[in-house]
Amino acid sequence: MSYLETVVYPFIMSIRITDVIDIVVVAFIIYNIMKFIRQTRAVQLLKGIGILLVVMYVSDWLQLNVISFILINTMQVGVTALLIVFQPELRRGLEHMGRSKLGGMFTFDESSGAPNVIDEVCLAVSSLSKTKTGALIVFERDMRLNDILTGGTLINANISSEVLENIFVPNTPLHDGAVIIRNERIYMASTVLPLSSNKKLSKEFGTRHRAALGVTESSDCVALVVSEETGKISVMIDGNMIRNLSISSLSMLLHKVLSKELEVKIGGPSKFFKGRAKR
């Protein structure tokens, strides 16, 4: 009782509400950092760093002066090395922060997702699906894709089902690659996108599906794929895939996503995605 009265009780009474908030915020940040790192190759590097730290403290305890000196000096310059090694992960993490609700507060360029644009795309996709013509269409949202696009031909044309169908006709100059839709216009065609880094992706998916997933993993865009083998329609967003969509389901999904009525959780599909994926 004396210990509780002299040590524990004064300690509890000294805790302020700001201390609790401080601890909760730090714990939340650490939890999300660890959650993000688990999904990247950085976790293996962190294990190596942990081993080096253990070796450093053991060598200091055993008075292995040479080893301890080398490891201590290595750790002093290790921060710069970590920034270089973890550059892709750091960039991806900052992009995820920018696509969060907090980042959305600083976005002023809103896309209206005009219904006639979506209707024209759905009309084209319906025809492409029936003829099993492969297609990849990417809708830009808040983030511009210029820094991740390779090649391509500038189109800058109004969206119509006829234009989209003609672009993806096999053996034509622009059929191979992605069409980028920006500000409700066909911005570019025949562009090359980065492939998905997901090693667990099934081998049944070809380059179009991997490119669609890859571009949505590194941006907030929406990608639409028509399979040339089966004619099936898939939509990718935030690195998640919905397969076997009907034209009516596709239209409803695009209207909700592009008008920003549907919130998609980072790192996992929304309830809408889960419900449609089972079809």
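What share of the 279 residues in the protein chain is buried? Buried residues make up 37% of that chain, where buried means a relative accessible area under 20%, exposed means over 50%, and partly exposed covers the range in between, with a 1.4 Å probe and protein chains only. The model is a predicted one, in which local features need pLDDT of at least 70 and side-chain atom pairs count only at pLDDT 80 or more, while totals for chains, interfaces and linings use all residues. Residues are numbered from 1 along each chain as its sequence is written, and side-chain values use heavy atoms, with hydrogens and water left out.

**Overall composition**

The protein chain holds 12 helices and seven strands, taken as DSSP runs numbered from the N terminus (H or I of at least four residues for helices, E of at least two for strands). Of the contacts in the chain with a separation of 6 or more, 61% are between residues 24 or more positions apart, a contact being heavy atoms within 4.5 Å. The chain exposes about 17,400 Å², of which carbon and sulfur atoms supply 63%; accessible areas come from the Shrake-Rupley method with a 1.4 Å probe, and for residues only the protein chains shown count as cover.

**The sheet**

Seven strands form an open sheet with mixed pairing, in the order β2-β4-β3-β1-β5-β6-β7, two strands being paired if DSSP finds at least two bridges between them. At the edges stand β2 (153–158) and β7, each of which pairs on one side only. From one strand to the next the twist averages 20°. Strands of a sheet pair through backbone hydrogen bonds, in either the parallel or the antiparallel sense.

Strand β1 (residues 135–139) pairs with β5 in the antiparallel sense over five bridges, and F139 stands opposite V222 in β5. Strand β5 (residues 222–226) is in turn joined to β6 by five bridges, again with an antiparallel run, and A223 has M236 of β6 as its bridge partner. The hairpin of β5 and β6 has six residues between the strands, and G231 in the turn has a positive phi of about 80°. On to strand β7 (residues 240–242), β6 is joined by three bridges in an antiparallel arrangement, with N240 of β7 as the bridge partner of I237. In this hairpin, which has two residues between the strands, D238 takes a positive phi near 55°.

Why is strand β6 (residues 233–237) described as largely enclosed by the rest of the structure? The description applies because five of its five residues are buried. I233, V235 and I237 point one way from β6, S234 and M236 point the other way, and all of these are buried. Helix α10 (residues 207–217) lies across β1, β5, β6 and β7 and runs at about 175° to β5; axes here are lines fitted to C-alpha atoms, for helices over the stretch in contact, and angles run from 0 to 180 degrees between N-to-C directions.

**Salt bridges**

A search of the whole structure finds four salt bridges, each defined as a side-chain nitrogen of Lys or Arg within 4 Å of a carboxyl oxygen of Asp or Glu.

| Pair | N to O distance | Relative accessible area |
|---|---|---|
| D19 and R16 | 3.3 Å | D19 25%, R16 52% |
| E140 and R182 | 2.6 Å | E140 6%, R182 13% |
| E228 and R208 | 3.4 Å | E228 42%, R208 19% |

The E140 and R182 side chains form a salt bridge with their closest N and O atoms 2.6 Å apart. This pair links distant parts of the chain, since E140 is in the loop between β1 and β2 and R182 is in strand β3 (residues 178–182), 42 residues apart. E140 is buried, and R182 also counts as buried. E140, R144 and R182 are linked in a network of salt bridges.

For E228 and R208, the closest N and O atoms are 3.4 Å apart. Here too distant parts of the chain are linked, with E228 in the loop between β5 and β6 and R208 in helix α10, 20 residues apart. E228 counts as partly exposed, whereas R208 is buried. In the pair of D19 and R16, D19 counts as partly exposed and R16 as exposed.

**A nonpolar surface patch**

I15, I17, V20, I21, V24, V25, F28, I29 and I33 make a nonpolar surface patch of about 840 Å². Patches are made of residues with over 30% relative accessible area and no salt bridge, like charges being joined within 9 Å and nonpolar side chains (Val, Leu, Ile, Met, Phe, Trp, Tyr) within 5 Å. V20, one of the patch residues, lies in helix α2 (residues 17–37) and counts as partly exposed at 39% relative accessibility.
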